[in-house]
Amino acid sequence: MSPVFNLADLFELVVDAGPDRACLVAPPHRRTFGELDERATRLAHVLQGRGVGPGDHVAIHAANCVEWPESMLACFKIRAVPININYRYVESELREVYGDAECVAAILQPPFTVPSDLSRLRDVLVIGDEYEAAVASASPVRDFAPRSADDRYIVYTGGTTGKPKGVVWRHEDAFFATASGGRVGGPPIAAPEEIRANATTPQAVMMTTSPLMHSGAQWMLFVALLCGHVLVVWTNPGFDADAVVELAARERVNSLAVIGDAMARPLAQAMQKRDLPALFMVGSGGAPLTGAVKAELCTARPGVMISDAFGASEIGPACVTSAVAKDLGDAAAPARFSPPAHIAVLDDHLQPVVPGSGEIGRLARRGHIPLGYWRDEAKTAQTFPTDADGCRWVVPGDFATVDADGAVVLLGRGSQCINSGGEKIFPDEVEAALRASPDVYDAAVVGMPDERWGERCVALVQPRPGATIDIAHLREHCRTLIAHFKVPKNVYVVPEIQHTAVGKTDYLWAKDQAGALIVGVS
């Protein structure tokens, strides 16, 4: 049968057109397209031999390693569904996501362990000697059944509440929404066979520093595999900015991706100590970069392009803005994007907000969007509504406005919005103002109960090394950048702002910390 817009079909087309081209660097391992495909094919046969079939869910429970993309591709080849497992979860959280996803098998990297008493889990393949022996003894022949554009790709996300939920994509929709439709910076391909051309174009060297269990890193993997580029994967435990820069220099990385200020600020400091002559772009996804940190990156690497991508597991990389130093603008200004045709800001009636009106709506996407949430019809109906004209949207809950020139101005996730006396305060905006201070290294802003105002804006700030934060002076600094009602009522200095496994601010921790500090003060 002819290939379809299936992620495995498309990858194999690129492989066959250029099997000897470099594909993946996951220290200490390297793979060409052909080598990665052969190992994934062998692993697919291993899974089949262990009873995994089309539609079955297979947990990938590992930190970044070469086996991660091999496992994902192996699942796609036999029409199984890889399930990304957050390896930092504790037993109860692991049991919840394994159970919700109904995993029948797991590919496990020691020292991680699967939770006990899972009735559906039938088999565990352990990365190491067992994995290697199984792959070596399996067939390298692609004798798989035809695949479908309707095959499922599921990515689990903790969202802002921490409760894991699986976002269900069709392969075809995932390809066009998350892999640039096979052409970065150009129109998407019109037929699957057109993707062969990507094996003859010049290769860019891309690098991701975030975990492959995170949707943004998976989408970078898709772009590299399907657009014929090289992906360098950070495989060391934790984020070590100096070591990241050393690896990027050694591999002559052209484009380096991080998650927000938490990674970008130490990266900028490390880049001041080591030149990266091949680097032309630093990108962020999953959390916005503040103007102050963008400026630090441009100072460290003059001429570098800064790409700030916004998206969500439900929406894909929805908007991207790029700038060089001269275009950075206000260091505390919220992110602005020129939206593509399939992106809109909708009001409560699913109608586009009027540009320049100041009306706050929610960012939405149409076209190639997910089917919904796995095993959650109520949440699917809420997040994937259909408007009066029959157009289906995904509306994850991110607030935004539209300027008179049509640019989307992002305000932040609705579940984190602070309502103080009827005024809406978005943490992203306040955090950007705080981080613009030369004394502040990182910040987290949350809403806490207040008898008079309902909620009050509370900030936790981490000082730069060697700096001392004067709280009164910091609040005055904020008043020069944001409206007075947005200035935090309470500011607490903490040793370190904690982040989630994928580098985003841990707002659950911030809430707990703020509550303890407020009680301690009173």
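Predicted model: local features only at pLDDT ≥ 70, side-chain atom pairs only at ≥ 80, totals over all residues.
**The whole protein**

Show the cartoon. The secondary structure comes to 14 helices and 26 strands. The radius of gyration is 23 Å, close to the 24 Å that the globule rule gives for 522 residues, so the protein is as compact as a globular protein of that length. Turn the view along the principal axes. The C-alpha trace spans about 70 × 55 × 50 Å.

The protein exposes about 21,000 Å². Carbon and sulfur atoms supply 52% of that area. Of the 522 residues, 57% count as buried.

**Stop 1: the hairpin of E1 and E2**

Select residues 22–26, which are strand E1, and residues 29–32, which are strand E2. The two strands run antiparallel and are joined by four bridges. A hairpin of two residues connects E1 to E2. Pick alanine 22 and look across to E2. Its bridge partner there is threonine 32.

**Stop 2: a three-stranded sheet**

Next, select strands E7, E8 and E18. They form an open sheet in the order E7-E8-E18, with antiparallel pairing. Which strands are at the edges? Strand E7 (152–157) and E18 are the edge strands, and each pairs on one side only.

Look between E7 and E8. Strand E8 covers residues 165–170, and six bridges join E7 to E8. In E8 its bridge partner is valine 167.

**Stop 3: aromatic rings**

A pair of aromatic rings is described by the distance of the centres and the angle of the planes. Rings whose centres lie within 6.5 Å are paired. By this rule the count comes to 10 aromatic pairs. Select phenylalanine 175 and phenylalanine 176. Their ring centres are 4.9 Å apart and their planes are at 70°, so the pair is edge-to-face. Both phenylalanine 175 and phenylalanine 176 are buried.

Now move to tyrosine 373 and phenylalanine 384. This aromatic pair is also edge-to-face, at 5.7 Å centre to centre with 70° between the planes. Where do the two residues lie? Tyrosine 373 is in strand E18 (residues 372–373), while phenylalanine 384 is in the loop between helix H11 (377–383) and strand E19 (393–394), so the pair ties together parts that are 11 residues apart in sequence. Tyrosine 373 is buried, with a relative accessible area of 7%. Phenylalanine 384 is buried too, at 5%.

Ring pairs link Phe5, Phe175 and Phe176 into a cluster.

**Stop 4: a charge over a ring**

Select arginine 265 and tyrosine 441. The charged end of arginine 265 sits over the ring of tyrosine 441. That end is 5.9 Å from the ring centre.

**Stop 5**

Select residues 408–413, which are strand E21. Is E21 enclosed or open to the outside? Six of its six residues are buried, so E21 is largely enclosed by the rest of the structure.

E15 and E21 pair in the antiparallel sense over two bridges. Arginine 336 stands opposite valine 409 in E21.

Alanine 400 stands opposite leucine 410 in E21. The hairpin of E20 and E21 has five residues between the strands. Click on glycine 406 in that hairpin: its phi is positive, near 90°.

**Stop 6: two loop residues**

Finish with two loops. Select proline 465, in the loop between strand E25 (454–463) and helix H13 (471–479). Is proline 465 buried or exposed? It is exposed, with a relative accessible area of 73%. The C-alpha atoms of proline 465 and valine 440 are separated by 9.2 Å, though the residues are 25 apart along the chain.

Last, select threonine 505, in the loop between strand E26 (490–493) and helix H14 (507–521). At 13% relative accessibility, threonine 505 counts as buried. Leaving out residues up to four places away in sequence, threonine 505 touches Arg435, Ala443, Ala444, Ile497, Gln498, His499 and Thr500.

Conventions:
Residues numbered from 1 in each chain as written. Heavy atoms only, no water. Phe/Tyr/Trp six-rings, centres within 6.5 Å; stacked < 30°, edge-to-face > 60°. Buried < 20%, exposed > 50% of the residue type's maximum accessible area, 1.4 Å probe, protein only. Lys NZ or Arg CZ within 6 Å of the ring centre and 35° of its normal. Pairing = 2+ DSSP bridges. Contact = heavy atoms within 4.5 Å. Rg over C-alpha atoms; globule rule 2.2 N^0.38 Å. Areas by Shrake-Rupley, 256 points an atom, 1.4 Å probe, with all protein chains shown as cover.
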